[in-house]
Amino acid sequence: CNPLHREVHQDMQQPLCHYFIASSHNTYLSGDQLLSQSRADMYARVLQAGCRCVEVDCWDGPDGEPVVHHGYTLTSKILFRDVAETINKYAFIKNEFPVILSIENHCSIQQQKKIAQYLKEIFGDKLDLSSVSTGDPRQLPSPQDLKGKILVKV
């Protein structure tokens, strides 16, 4: 492996939509998508491997606590809060470019509010709460502008 390839050498000033983004599907799963274990540490693993977009499948959990798992399967469930704390800890250790949370939302309004509360509490100033109101993709911020930020897409 050429060590020079570990460094970013592209122009990172273009709008975010001009880039291919390393993404992870069913990030929380340690194996197959029917029977395997859901584990928060899988987020640490993929973030340190270079993924900048991770999937979080959110479902209503017991006691008002949202959980992450692959719905309608026998995969185990983990608390959304644990996932958010793991992402917060590992998001920018190896890479300071933005992390996108691709949230697949299956939660009630009450648990959606809990998710929003956790996002604000856990990520704090890292959470990008700006809104892009224009339909013009040239107006999107660049990866350079979003360094150290967590973006949410639902």
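1. In this predicted model, the side chain of S38 lies 2.6 Å from the backbone oxygen of S76. S38 sits in the loop between β1 (23-24) and α1 (41-48). With a relative accessible area of 5%, S38 is buried. Apart from neighbours within four places in sequence, its contacts are Y28, L29, V68, H69, T75, S76 and I78.

2. L34 is also placed in the loop between β1 and α1, but L34 counts as exposed, at 54% relative accessibility. Together with L35 and L74, L34 makes a nonpolar surface patch of about 350 Å².

3. In helix α2 (residues 80-90), the buried residues are F80, V83, A84, T86 and I87. They lie on the same side of α2, because the arc they cover around the axis is only 160 degrees.

4. The salt bridges number five. One of them pairs D41 with R39 at 2.8 Å, N to O. D41 is partly exposed at 40% relative accessibility, and R39 is partly exposed at 34%.

5. Within helix α2, R81 and E85 are four residues apart, about one turn of the helix. Their side chains form a salt bridge (3.2 Å, N to O). R81 is partly exposed at 29%, as is E85 at 36%.

6. A salt bridge also joins K147 and E96, with 3.2 Å between the closest N and O atoms. This pair links distant parts of the chain, 51 residues apart: K147 is in the loop between α3 (109-123) and β6 (150-153), and E96 in the loop between α2 and β5 (99-106).

Methods. Residues numbered from 1 in each chain as written. Predicted model: local features only at pLDDT ≥ 70, side-chain atom pairs only at ≥ 80, totals over all residues. Heavy atoms only, no water. Helix = DSSP H or I, 4+ residues; strand = E, 2+ residues; numbered from the N terminus. Buried < 20%, exposed > 50% of the residue type's maximum accessible area, 1.4 Å probe, protein only. Polar contact = N/O pair within 3.5 Å; in protein donor to acceptor, adjacent residues only side chain to side chain. Contact = heavy atoms within 4.5 Å. Patch = residues over 30% accessible without salt bridge, like charges linked within 9 Å, V, L, I, M, F, W, Y side chains within 5 Å. Areas by Shrake-Rupley, 256 points an atom, 1.4 Å probe, with all protein chains shown as cover. Salt bridge = Lys/Arg side-chain N within 4 Å of Asp/Glu carboxyl O. Arc of directions from axis to C-beta.
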